[in-house]
Amino acid sequence: MSPRPGPTAPTAAAPTTLAFVESPVQLLNVLEWAHSAGATGPAGGLTVVVLSPNDPMTRGQLRRMAQLARDEGLTVRWEEARGGAAAPFHTIGGLRAALRKADRIVIGDPFSRYVQLLLTITRARTLVVVDDGTATMEFISQLASGERLVRWHRRGGRPGVRDLAFAPVSASARRRLTPGSKRTVEVFSSMPIDSAPDGVRVTPNTFDWTRSRFGPPRVAKGADLVGTSLVETGVVDLDRYVEAVRSLSRAHGATRYFAHRRESSEKLHRLAVETGLQVVRPDLPLELIARRGPIGRTILSFPSTVVHTLPLALAGTEVRVSVCDIDPAWLTETASPRAQGFLSGVTGTARDVHRLTSVAAPTQGVSATA
(Lines give C-alpha, C1' and ligand atoms only; values in the text may rest on other atoms or scores of the structure.)
Protein backbone atom coordinates (compact mmCIF):
# COMPACT_ATOMS: atom_id res chain seq x y z
CA MET A 1 0.00 0.00 0.00
CA SER A 2 1.36 3.39 -0.97
CA PRO A 3 -0.09 6.57 0.49
CA ARG A 4 -1.79 8.87 -1.91
CA PRO A 5 0.10 12.09 -2.62
CA GLY A 6 -1.92 15.10 -1.62
CA PRO A 7 -5.35 15.49 -0.04
CA THR A 8 -7.67 12.49 0.04
CA ALA A 9 -10.81 14.58 0.37
CA PRO A 10 -12.28 17.54 -1.55
CA THR A 11 -10.36 20.74 -0.87
CA ALA A 12 -13.30 23.12 -1.15
CA ALA A 13 -13.71 23.27 2.62
CA ALA A 14 -10.52 23.70 4.62
CA PRO A 15 -10.14 21.35 7.61
CA THR A 16 -10.78 22.77 11.04
CA THR A 17 -7.88 20.76 12.47
CA LEU A 18 -4.48 20.03 10.95
CA ALA A 19 -2.16 17.45 12.53
CA PHE A 20 1.50 17.34 11.48
CA VAL A 21 3.41 14.10 12.02
CA GLU A 22 6.91 12.96 11.07
CA SER A 23 7.05 9.53 12.72
CA PRO A 24 4.82 6.47 13.21
CA VAL A 25 4.62 7.02 16.97
CA GLN A 26 3.43 10.59 16.45
CA LEU A 27 0.69 9.35 14.12
CA LEU A 28 -0.32 6.67 16.63
CA ASN A 29 -0.68 9.34 19.30
CA VAL A 30 -2.68 11.57 16.97
CA LEU A 31 -5.07 8.63 16.54
CA GLU A 32 -5.24 8.25 20.31
CA TRP A 33 -5.94 11.98 20.71
CA ALA A 34 -8.60 11.94 17.97
CA HIS A 35 -10.29 8.98 19.67
CA SER A 36 -10.20 10.78 23.02
CA ALA A 37 -11.40 14.10 21.58
CA GLY A 38 -14.10 12.63 19.35
CA ALA A 39 -12.32 13.86 16.23
CA THR A 40 -12.41 10.59 14.28
CA GLY A 41 -14.57 10.06 11.21
CA PRO A 42 -15.26 12.51 8.37
CA ALA A 43 -17.28 14.77 10.68
CA GLY A 44 -14.30 15.19 12.99
CA GLY A 45 -12.73 17.73 10.66
CA LEU A 46 -9.22 16.35 11.16
CA THR A 47 -6.64 16.19 8.40
CA VAL A 48 -3.35 14.44 9.17
CA VAL A 49 -0.40 15.83 7.21
CA VAL A 50 2.49 13.38 7.01
CA LEU A 51 5.80 15.23 6.56
CA SER A 52 7.51 12.17 5.18
CA PRO A 53 11.16 11.50 6.12
CA ASN A 54 13.65 9.77 3.85
CA ASP A 55 14.42 6.79 6.09
CA PRO A 56 12.89 3.67 4.44
CA MET A 57 11.90 1.93 7.67
CA THR A 58 10.17 5.03 9.02
CA ARG A 59 8.38 5.56 5.71
CA GLY A 60 7.17 1.96 5.73
CA GLN A 61 5.74 2.26 9.23
CA LEU A 62 4.16 5.60 8.34
CA ARG A 63 2.44 4.03 5.32
CA ARG A 64 0.89 1.37 7.56
CA MET A 65 -0.16 3.95 10.14
CA ALA A 66 -1.59 6.21 7.42
CA GLN A 67 -3.87 3.38 6.32
CA LEU A 68 -5.03 2.82 9.89
CA ALA A 69 -5.85 6.53 10.10
CA ARG A 70 -7.87 6.33 6.88
CA ASP A 71 -9.68 3.31 8.28
CA GLU A 72 -10.74 5.55 11.17
CA GLY A 73 -12.26 8.00 8.69
CA LEU A 74 -9.47 10.59 8.89
CA THR A 75 -8.17 12.49 5.90
CA VAL A 76 -4.47 11.83 5.29
CA ARG A 77 -2.30 14.13 3.23
CA TRP A 78 1.11 12.71 2.36
CA GLU A 79 3.84 15.27 1.69
CA GLU A 80 7.26 14.40 0.25
CA ALA A 81 8.59 17.08 2.55
CA ARG A 82 12.24 16.09 2.17
CA GLY A 83 12.34 14.97 -1.44
CA GLY A 84 15.03 17.38 -2.61
CA ALA A 85 16.21 20.93 -2.01
CA ALA A 86 12.98 22.48 -3.28
CA ALA A 87 10.67 20.12 -1.37
CA PRO A 88 10.32 22.25 1.81
CA PHE A 89 9.35 25.33 -0.23
CA HIS A 90 6.80 23.31 -2.21
CA THR A 91 5.38 21.71 0.94
CA ILE A 92 5.11 24.92 2.94
CA GLY A 93 3.64 26.79 -0.03
CA GLY A 94 1.03 24.09 -0.54
CA LEU A 95 0.06 24.13 3.13
CA ARG A 96 -0.03 27.89 3.64
CA ALA A 97 -3.75 28.37 2.91
CA ALA A 98 -4.80 25.44 5.12
CA LEU A 99 -2.54 26.66 7.92
CA ARG A 100 -4.11 30.11 7.78
CA LYS A 101 -7.66 28.73 7.96
CA ALA A 102 -7.25 25.95 10.52
CA ASP A 103 -8.50 26.82 14.00
CA ARG A 104 -6.64 23.94 15.71
CA ILE A 105 -3.15 22.58 15.09
CA VAL A 106 -1.89 19.24 16.43
CA ILE A 107 1.86 18.54 16.39
CA GLY A 108 3.97 15.58 17.40
CA ASP A 109 7.40 17.17 17.71
CA PRO A 110 7.78 20.75 18.97
CA PHE A 111 11.56 20.42 18.51
CA SER A 112 11.25 19.81 14.75
CA ARG A 113 12.49 22.73 12.70
CA TYR A 114 10.01 21.84 10.01
CA VAL A 115 7.13 22.06 12.48
CA GLN A 116 8.50 25.22 14.06
CA LEU A 117 8.54 26.88 10.65
CA LEU A 118 4.93 25.84 10.00
CA LEU A 119 3.88 27.24 13.38
CA THR A 120 5.03 30.71 12.35
CA ILE A 121 2.37 30.69 9.60
CA THR A 122 -0.67 29.46 11.47
CA ARG A 123 -3.26 31.67 13.16
CA ALA A 124 -4.83 28.80 15.08
CA ARG A 125 -6.04 29.63 18.56
CA THR A 126 -5.73 26.05 19.82
CA LEU A 127 -2.50 24.07 19.77
CA VAL A 128 -2.20 20.44 20.82
CA VAL A 129 1.12 18.64 21.39
CA VAL A 130 0.94 14.85 21.34
CA ASP A 131 3.77 12.61 22.47
CA ASP A 132 6.91 12.14 20.44
CA GLY A 133 8.28 9.89 23.13
CA THR A 134 10.13 10.99 26.24
CA ALA A 135 11.02 14.29 24.54
CA THR A 136 7.62 15.54 25.74
CA MET A 137 8.98 15.63 29.29
CA GLU A 138 11.84 17.84 28.15
CA PHE A 139 9.50 20.09 26.16
CA ILE A 140 7.35 20.75 29.24
CA SER A 141 10.45 21.47 31.31
CA GLN A 142 11.91 23.90 28.78
CA LEU A 143 8.59 25.66 28.23
CA ALA A 144 8.17 26.17 31.97
CA SER A 145 11.71 27.52 32.43
CA GLY A 146 11.65 29.79 29.38
CA GLU A 147 14.56 28.01 27.70
CA ARG A 148 15.06 27.66 23.97
CA LEU A 149 13.68 24.45 22.55
CA VAL A 150 16.50 21.94 22.03
CA ARG A 151 16.54 18.14 22.19
CA TRP A 152 17.85 16.66 25.42
CA HIS A 153 20.75 14.75 23.84
CA ARG A 154 22.04 17.98 22.20
CA ARG A 155 21.95 20.12 25.32
CA GLY A 156 25.22 21.27 26.78
CA GLY A 157 26.90 21.97 23.46
CA ARG A 158 27.40 25.29 21.70
CA PRO A 159 24.78 26.28 19.13
CA GLY A 160 26.01 25.76 15.58
CA VAL A 161 25.72 28.15 12.66
CA ARG A 162 22.41 26.61 11.57
CA ASP A 163 21.08 26.88 15.14
CA LEU A 164 21.90 30.57 15.25
CA ALA A 165 20.41 31.21 11.81
CA PHE A 166 17.19 29.42 12.77
CA ALA A 167 16.96 31.02 16.23
CA PRO A 168 14.35 33.69 15.27
CA VAL A 169 12.03 31.03 13.83
CA SER A 170 12.50 28.80 16.88
CA ALA A 171 11.78 31.72 19.21
CA SER A 172 8.62 32.56 17.29
CA ALA A 173 7.43 28.95 17.43
CA ARG A 174 8.11 28.85 21.15
CA ARG A 175 5.93 31.93 21.66
CA ARG A 176 3.11 30.23 19.75
CA LEU A 177 3.46 27.18 21.98
CA THR A 178 3.02 29.39 25.06
CA PRO A 179 -0.61 29.80 26.17
CA GLY A 180 -2.07 33.29 26.40
CA SER A 181 -5.32 35.19 26.32
CA LYS A 182 -5.85 34.34 22.64
CA ARG A 183 -4.28 30.88 22.52
CA THR A 184 -4.83 27.60 24.38
CA VAL A 185 -2.24 24.84 24.58
CA GLU A 186 -2.95 21.20 25.38
CA VAL A 187 -0.40 18.43 25.91
CA PHE A 188 -1.81 14.95 25.28
CA SER A 189 0.66 12.60 26.89
CA SER A 190 1.29 9.20 28.43
CA MET A 191 4.44 10.56 30.07
CA PRO A 192 4.58 11.35 33.82
CA ILE A 193 3.97 15.10 33.83
CA ASP A 194 3.52 16.19 37.43
CA SER A 195 3.41 19.92 36.73
CA ALA A 196 2.97 22.06 33.64
CA PRO A 197 3.39 25.75 32.86
CA ASP A 198 0.45 27.98 33.74
CA GLY A 199 -2.28 27.70 31.13
CA VAL A 200 -1.08 24.39 29.65
CA ARG A 201 -3.74 21.70 29.92
CA VAL A 202 -2.39 18.16 30.27
CA THR A 203 -4.66 15.33 29.08
CA PRO A 204 -3.58 11.75 29.85
CA ASN A 205 -3.11 9.36 26.95
CA THR A 206 -4.18 5.94 28.24
CA PHE A 207 -4.03 4.13 24.86
CA ASP A 208 -7.76 3.47 24.81
CA TRP A 209 -7.83 3.41 21.01
CA THR A 210 -5.04 0.84 20.80
CA ARG A 211 -6.67 -1.46 23.35
CA SER A 212 -10.08 -1.15 21.69
CA ARG A 213 -8.77 -1.98 18.21
CA PHE A 214 -6.15 -4.68 18.88
CA GLY A 215 -5.72 -7.71 21.09
CA PRO A 216 -5.63 -8.97 23.67
CA PRO A 217 -2.39 -10.62 22.54
CA ARG A 218 -1.28 -14.21 22.86
CA VAL A 219 1.42 -14.20 25.53
CA ALA A 220 4.35 -16.53 24.86
CA LYS A 221 6.90 -17.90 27.29
CA GLY A 222 10.28 -16.22 27.56
CA ALA A 223 11.34 -12.63 26.99
CA ASP A 224 11.61 -10.10 24.19
CA LEU A 225 14.12 -7.26 24.17
CA VAL A 226 13.39 -3.75 22.85
CA GLY A 227 16.16 -1.91 21.01
CA THR A 228 17.13 1.73 21.36
CA SER A 229 18.77 4.33 19.12
CA LEU A 230 21.00 5.71 21.88
CA VAL A 231 24.06 4.54 19.94
CA GLU A 232 22.89 6.30 16.78
CA THR A 233 22.30 9.56 18.67
CA GLY A 234 25.84 9.44 20.08
CA VAL A 235 24.84 8.88 23.71
CA VAL A 236 25.94 5.26 24.31
CA ASP A 237 29.12 3.52 23.12
CA LEU A 238 28.47 0.78 20.54
CA ASP A 239 30.71 -1.89 22.11
CA ARG A 240 29.23 -1.30 25.57
CA TYR A 241 25.72 -1.49 24.15
CA VAL A 242 26.34 -4.79 22.36
CA GLU A 243 27.80 -6.30 25.54
CA ALA A 244 24.84 -5.03 27.59
CA VAL A 245 22.35 -6.57 25.15
CA ARG A 246 24.25 -9.87 25.21
CA SER A 247 24.33 -9.98 29.02
CA LEU A 248 20.70 -8.94 29.39
CA SER A 249 19.41 -11.45 26.86
CA ARG A 250 21.38 -14.33 28.39
CA ALA A 251 20.33 -13.49 31.94
CA HIS A 252 16.63 -13.35 31.06
CA GLY A 253 16.37 -15.86 28.22
CA ALA A 254 15.40 -13.34 25.55
CA THR A 255 15.06 -14.68 22.01
CA ARG A 256 13.86 -11.68 19.95
CA TYR A 257 15.22 -8.15 19.58
CA PHE A 258 12.69 -5.57 18.37
CA ALA A 259 14.76 -2.98 16.53
CA HIS A 260 14.17 0.73 16.86
CA ARG A 261 13.43 2.23 13.44
CA ARG A 262 16.59 4.41 13.64
CA GLU A 263 19.02 1.59 14.40
CA SER A 264 21.58 1.03 11.67
CA SER A 265 21.74 -2.18 9.64
CA GLU A 266 25.41 -2.66 10.56
CA LYS A 267 24.66 -2.50 14.28
CA LEU A 268 21.70 -4.88 13.99
CA HIS A 269 23.79 -7.38 12.01
CA ARG A 270 26.46 -7.30 14.71
CA LEU A 271 23.82 -7.81 17.43
CA ALA A 272 22.38 -10.82 15.61
CA VAL A 273 25.83 -12.41 15.15
CA GLU A 274 27.20 -11.71 18.63
CA THR A 275 24.09 -12.27 20.73
CA GLY A 276 22.17 -14.91 18.78
CA LEU A 277 18.98 -12.87 19.06
CA GLN A 278 16.43 -12.86 16.25
CA VAL A 279 16.35 -9.25 15.08
CA VAL A 280 12.84 -8.09 14.19
CA ARG A 281 12.16 -4.87 12.28
CA PRO A 282 8.56 -3.99 13.23
CA ASP A 283 6.27 -2.59 10.54
CA LEU A 284 4.20 -0.71 13.15
CA PRO A 285 4.95 1.05 16.46
CA LEU A 286 5.81 -1.44 19.18
CA GLU A 287 2.68 -0.64 21.17
CA LEU A 288 0.58 -2.06 18.30
CA ILE A 289 2.95 -4.97 17.65
CA ALA A 290 2.80 -5.99 21.32
CA ARG A 291 -0.96 -5.57 21.50
CA ARG A 292 -1.49 -7.74 18.42
CA GLY A 293 0.94 -10.40 19.70
CA PRO A 294 2.35 -12.87 20.13
CA ILE A 295 4.59 -11.20 22.69
CA GLY A 296 6.93 -12.52 25.38
CA ARG A 297 5.76 -12.69 28.98
CA THR A 298 8.61 -10.30 29.83
CA ILE A 299 9.60 -7.29 27.76
CA LEU A 300 13.11 -6.02 28.48
CA SER A 301 14.00 -2.43 27.68
CA PHE A 302 16.58 0.23 28.31
CA PRO A 303 15.25 3.70 29.29
CA SER A 304 12.93 4.77 26.48
CA THR A 305 9.38 5.76 25.70
CA VAL A 306 8.10 2.16 25.78
CA VAL A 307 8.66 1.81 29.53
CA HIS A 308 5.82 4.34 29.85
CA THR A 309 3.60 3.31 26.94
CA LEU A 310 3.73 -0.50 26.93
CA PRO A 311 2.25 -0.93 30.44
CA LEU A 312 -0.71 1.17 29.26
CA ALA A 313 -1.12 -0.61 25.92
CA LEU A 314 -0.82 -4.03 27.61
CA ALA A 315 -2.97 -3.26 30.64
CA GLY A 316 -4.94 -6.32 31.71
CA THR A 317 -2.48 -8.82 30.24
CA GLU A 318 0.15 -11.02 31.88
CA VAL A 319 3.04 -9.17 30.26
CA ARG A 320 5.61 -7.54 32.54
CA VAL A 321 7.85 -4.71 31.37
CA SER A 322 11.35 -4.67 32.88
CA VAL A 323 13.74 -1.77 32.44
CA CYS A 324 17.53 -1.76 32.78
CA ASP A 325 19.31 1.48 33.65
CA ILE A 326 22.10 2.87 31.49
CA ASP A 327 25.41 2.48 33.30
CA PRO A 328 27.36 5.79 33.27
CA ALA A 329 30.35 3.82 31.94
CA TRP A 330 28.40 3.14 28.73
CA LEU A 331 28.14 6.82 27.80
CA THR A 332 30.34 8.26 25.07
CA GLU A 333 32.75 11.12 25.67
CA THR A 334 30.58 13.38 23.54
CA ALA A 335 27.30 12.56 25.31
CA SER A 336 25.38 15.55 26.67
CA PRO A 337 26.14 16.36 30.32
CA ARG A 338 22.41 15.89 30.96
CA ALA A 339 22.23 12.42 29.42
CA GLN A 340 22.61 10.32 32.57
CA GLY A 341 20.18 12.40 34.59
CA PHE A 342 17.59 12.42 31.85
CA LEU A 343 17.78 8.68 31.25
CA SER A 344 17.61 7.96 34.98
CA GLY A 345 14.52 10.15 35.15
CA VAL A 346 12.90 8.20 32.33
CA THR A 347 13.38 4.98 34.29
CA GLY A 348 12.61 6.37 37.73
CA THR A 349 9.27 7.89 36.71
CA ALA A 350 8.00 4.79 34.87
CA ARG A 351 4.90 3.27 36.40
CA ASP A 352 4.11 -0.43 36.66
CA VAL A 353 7.51 -1.65 35.49
CA HIS A 354 10.10 -3.97 37.03
CA ARG A 355 13.37 -2.11 37.50
CA LEU A 356 16.57 -4.10 37.02
CA THR A 357 19.62 -3.04 38.97
CA SER A 358 22.01 -5.17 36.90
CA VAL A 359 22.11 -6.47 33.34
CA ALA A 360 23.58 -9.73 34.56
CA ALA A 361 21.60 -10.46 37.73
CA PRO A 362 17.83 -10.53 37.25
CA THR A 363 17.26 -11.77 40.79
CA GLN A 364 18.49 -8.40 42.06
CA GLY A 365 15.66 -6.52 40.36
CA VAL A 366 13.18 -4.59 42.47
CA SER A 367 9.62 -3.68 41.63
CA ALA A 368 9.07 -0.04 40.82
CA THR A 369 5.68 1.61 40.77
CA ALA A 370 6.76 5.22 40.98
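Me: Before we start, what does contact mean here?
Reply: Contact means heavy atoms within 4.5 Å, and please keep in mind that this is a predicted model.

Me: OK, so which residues is Ser190 in contact with, leaving aside its neighbours within four places in sequence?
Reply: With those neighbours set aside, Ser190 is in contact with Asp131, Asn205, Phe207, His308, Thr309 and Leu312. Of these, Thr309 lies 119 residues from Ser190 in sequence, while the C-alpha atoms of the two are 6.5 Å apart in space.

Me: And where does Ser190 sit, and is it buried or exposed?
Reply: Ser190 belongs to the loop between β6 (184-189) and β7 (200-204), and its relative accessible area is 8%, under the 20% limit, so it counts as buried.

Me: Switching topic: which residues of helix α12 are buried?
Reply: In α12, which spans residues 339-348, the buried ones are Ala339, Phe342, Leu343, Val346 and Thr347. Viewed down the axis of α12, they fall within an arc of 140°, so they line one face of the helix.

Me: What covers them?
Reply: The cover over the buried residues of α12 includes α5 (135-145) and α11 (306-313), along with the strands β12 (320-324) and β13 (353-356).

Me: Now α8 and α9, at what angle do they pack?
Reply: Helix α8 (residues 238-252) and helix α9 (residues 265-275) pack at about 40°, with their axes 10 Å apart, and they are therefore oblique to each other. Their crossing is right-handed.

Me: Which residues meet there?
Reply: Leu238, Asp239, Tyr241, Val242, Val245 and Arg246 in α8 meet Lys267, Arg270, Leu271, Glu274 and Thr275 in α9. The residues of this contact comprise 5 nonpolar, 1 polar and 5 charged.

Definitions and conventions:
Residues numbered from 1 in each chain as written. Predicted model: local features only at pLDDT ≥ 70, side-chain atom pairs only at ≥ 80, totals over all residues. Heavy atoms only, no water. Buried < 20%, exposed > 50% of the residue type's maximum accessible area, 1.4 Å probe, protein only. Helix = DSSP H or I, 4+ residues; strand = E, 2+ residues; numbered from the N terminus. Arc of directions from axis to C-beta. Axes fitted to C-alpha atoms, helices over the stretch in contact; angles between N-to-C directions. Parallel < 35°, antiparallel > 145°, perpendicular 65-115°, else oblique. Left-handed = near helix turned anticlockwise from the far one by under 90°. Nonpolar A, V, L, I, M, F, W, Y, C, P; charged D, E, K, R; others polar.
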